[in-house]
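Hello,

Here is the structure I promised to pass on. Have a look at it first, and then read on for what turned up.

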Amino acid sequence: MLFHDAIQTIEQKLNHYDWEYLFINDGSTDTTLAILKELATNHPETVSYLSFSRNFGKEAAMAAGLQHAIGDYVAVMDVDLQDPPELLIEMTKLLETTNYDCIGARRVDRKDEPPIRSFFARRFYSLINKISDTEFVDGVRDFRLMTRQMVNAILSLEEYNRFSKGIFSWVGFDTYYIEFENKERSAGETSWSFWRLFKYSIEGILSFSTMPLLIASFLGIVTFLSAITFLIIIIIRALIFGDPVAGWPSLVSIILFLGGIQLFCMGVIGQYIGKMFLETKKRPLFIIKEANLIRQTKLDKKKK
């Protein structure tokens, strides 16, 4: 595996640490699981894996990794090498020599990314920072190295609807971001279409802001006042000029306008109610179909 080969070079430079690699197979349908099994067989002292029963999404995969990681320092990384492994050296040094609890990675550019995606990504960060009390830094990736204390704080948030970029920021702790230039993935293609990214951004807004509810309430008030104003105008016009039959186009337009506002507001409220519904079900974030954990392997050896 390209990632494991690249990360082992970094491990040799940080050989004063005991390393553990925990790979999450998020219900892939290719040969990922077979490769992970082979890797775990060849490196039984350092490589573990978890394989989900189906695809549960990126947030569930990260939550599973954090739950099962046992190190004092925990790094979250993608294996497509878009997260430069060499940054781990600087990250580790900063955690050792400073009072930071987390060292994250931030892209300084969006090279090789479609322009329309870059445009909407920047608009998303601009919008969510205006309507949320939680800070969101543009260009920050999930790639970061955290202390055990910060990881435990993240794990204490047991919410079902998760948006990790917000969670990492919401728990607090001192964080420093290392800037790097965007890199192409070493293999494969991204599964994040524009539509999936759009839905993910809506998830972030709903998870860390109640501003949409305030906007819905504001629109309701404005619409109500506008309706009262138009009603007064219609009454005055009828008293002065009579009540002509003409005018149904404007009436239809007003009805459609009011109906549209109502549906929009109901949709916003429905989104929040839907999130509450999912939370109250208490369903697990993920289901593990197969696993090979280092500590379990060691326990089995001791029993023998």
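This is a predicted model: local features need pLDDT of at least 70, side-chain atom pairs count only at pLDDT 80 or more; totals for chains, interfaces and linings use all residues.

Helix 6 covers residues 148–155, and its buried residues are Arg-148, Met-150, Val-151, Ala-153 and Ile-154.

Three strands make up an open sheet with mixed pairing, in the order 1-2-7. Strand 1 (21–25) and strand 7 (288–292) are its edges, each pairing on one side only. On average, neighbouring strands of this sheet are turned by 10° against each other, ignoring direction. Five bridges join strand 1 to strand 2 (residues 47–52) in the parallel sense, and Ile-24 has Leu-50 in strand 2 as its bridge partner. Helix 1 (residues 2–13) packs on the sheet and touches strand 1 and strand 2, with its direction at about 160° to that of strand 1. Helix 2 (residues 32–42) also packs on the sheet, touching strand 1, strand 2 and strand 7, and its direction makes about 155° with that of strand 2.

Finally, the surface. A nonpolar patch there has about 1,000 Å² of accessible area together, and its members include Ile-221, Phe-224, Leu-225, Ile-228 and Ile-240. Ile-240 lies in helix 9 (residues 211–241). Why does Ile-240 count as exposed? Its relative accessibility is 58%, and exposed means over 50%.

Note on methods
Residues are numbered from 1 along each chain as its sequence is written. Side-chain values use heavy atoms; hydrogens and water are left out. Buried means under 20% relative accessible area, exposed over 50%, partly exposed in between (1.4 Å probe, protein chains only). Helices (H or I, at least four residues) and strands (E, at least two) are DSSP runs, numbered from the N terminus. Patches are made of residues with over 30% relative accessible area and no salt bridge: like charges are joined within 9 Å, nonpolar side chains (Val, Leu, Ile, Met, Phe, Trp, Tyr) within 5 Å. Accessible areas come from the Shrake-Rupley method with a 1.4 Å probe; for residues, only the protein chains shown count as cover. A salt bridge is a side-chain nitrogen of Lys or Arg within 4 Å of a carboxyl oxygen of Asp or Glu. Two strands pair if DSSP finds at least two bridges between them. Axes are lines fitted to C-alpha atoms, for helices over the stretch in contact, and angles run from 0 to 180 degrees between N-to-C directions. Contact means heavy atoms within 4.5 Å.
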